[in-house]
Amino acid sequence: MIHIYYGYGKGKTTSALGAGIRAYGAGMRVLLVQFLKDNKSSELSAVPFDVYEAPSSLSFNPDKSYSPWVNSAIEYVKNSDYDLIILDELLDIVGDFISVNDVISLLSSIDAELILTGHKEIKEIFEIADYITLLEKIKHPYDRCVKARKGIEY
């Protein structure tokens with residue numbers, strides 16, 4: 001089944017990782033792929049399951065030089081045989097680094113539980129999802145220009 005955690009509220013990645021930990025605890029093989037993030041996110045030191053290694057550094061708005069990494073991650077996922085695959089921030093690379101049709105093709109070709117996160121609502125992807133959870137921001141310190149804090153937001 002396909003799960004989606006999306007919106008501008010805090011907790012998308014945290015929810016996906018929690019589901020991954022539950023699956024791992026039940027004996028499932030779990031893979032995490034994080035798009036638009038470098039390999040410095042604090043959660044990476046604590047997750048008990050496999051992680052596809054992200055770039056060592058990444059600009060806030062990556063350019064087309066990020067495409068080869070995205071392509072390699074997608075190929076890895078296509079050829080994997082995990083029970084649960086978390087595609088963190090996948091929704092936010094659609095249109096820039098992967099087409100909607102390529103995402104739908106990817107999702108339909110994988111025999112695993114899939115979790116997608118991101119900010120964007122993408123109608124064609126949402127139509128084939130089984131679970132969709134909207135995380136809506138009501139209030140956030142970022143609104144007061146408080147920068148992301150290690151261990152809380154990353």
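**Entry 1: His 3**

I began with a side-chain pair: His 3 and Glu 113 are joined by a polar contact of 2.7 Å. By polar contact I mean a pair of N or O atoms within 3.5 Å, where within protein one must be able to donate a hydrogen and the other to accept it, and residues adjacent in sequence count only if both atoms are side-chain atoms. A note before going on: this is a predicted model, in which local features need pLDDT of at least 70, side-chain atom pairs count only at pLDDT 80 or more, and totals for chains, interfaces and linings use all residues. Residues are numbered from 1 along each chain as its sequence is written, and side-chain values use heavy atoms, with hydrogens and water left out.

Where does His 3 lie? I found His 3 in strand 1. His 3 is buried, with a relative accessible area of 12%. Here buried means under 20% relative accessible area, exposed means over 50%, and partly exposed is in between, using a 1.4 Å probe and protein chains only. Setting aside neighbours within four places in sequence, I listed the contacts of His 3 (heavy atoms within 4.5 Å): Glu 113, Leu 114, Ile 115, Leu 116 and Tyr 131.

**Entry 2: the sheet**

I then traced the sheet. In what order do the strands run? The 6 strands form an open sheet ordered 3-2-4-5-1-6, with parallel pairing. Two strands count as paired if DSSP finds at least two bridges between them. Strand 3 and strand 6 (131-134) are the edge strands, each pairing on one side only. From one strand to the next, the twist averages 15 degrees. For such angles, axes are lines fitted to C-alpha atoms, for helices over the stretch in contact, and the angles run from 0 to 180 degrees between N-to-C directions.

I checked strand 1 (residues 2-6) against strand 6: they pair in the parallel sense over 4 bridges. Ile 4 stands opposite Ile 132 in strand 6.

Helix 2 (residues 67-78) lies across strand 2, strand 3 and strand 4 (84-88), and runs at about 165 degrees to strand 2.

**Entry 3: strand 4**

Why is strand 4 largely enclosed by the rest of the structure? It is because 5 of the 5 residues of strand 4 are buried. Leu 84, Ile 86 and Asp 88 point one way from strand 4, while Ile 85 and Leu 87 point the other way; all are buried.

I looked at both partners. With strand 2, strand 4 pairs in the parallel sense over 5 bridges, and Val 30 stands opposite Leu 84. Strand 5 runs parallel to strand 4 and is joined to it by 4 bridges; there Ile 85 stands opposite Leu 114.

**Entry 4: aromatic rings**

How many aromatic pairs does the structure hold? I have 7. Rings of Phe, Tyr and Trp (its six-membered ring) pair if their centres lie within 6.5 Å; planes under 30 degrees apart count as stacked, over 60 as edge-to-face and the rest as tilted.

One of them is Tyr 24 with Phe 49, a tilted pair at 6.5 Å centre to centre and 55 degrees between the planes. Tyr 24 lies in helix 1 (residues 12-25) and Phe 49 in the loop between strand 2 (30-34) and strand 3 (50-52), so the pair ties together parts that are 25 residues apart in sequence. Tyr 24 is partly exposed at 41% relative accessibility, whereas Phe 49 is buried at 6%.

Tyr 66 and Trp 69 form a stacked pair, 5.5 Å centre to centre with 15 degrees between the planes. Tyr 66 and Trp 69 are both buried.

Gly 118 is in strand 5 (residues 113-118) and is buried at 0% relative accessibility. Beyond four places in sequence, the contacts of Gly 118 include Tyr 5, Lys 12 and Glu 89.

I looked up the phi of Glu 89 next: near 70 degrees, a positive value in a residue other than glycine. Most residues other than glycine have a negative phi. Glu 89 sits in the loop between strand 4 and helix 3 (100-109) and is buried at 8% relative accessible area.

Cys 145, not a glycine, also has a positive phi of about 70 degrees. Cys 145 is in the segment after strand 6 and is exposed, at 72%.

Definitions and conventions: Helices (H or I, at least four residues) and strands (E, at least two) are DSSP runs, numbered from the N terminus.
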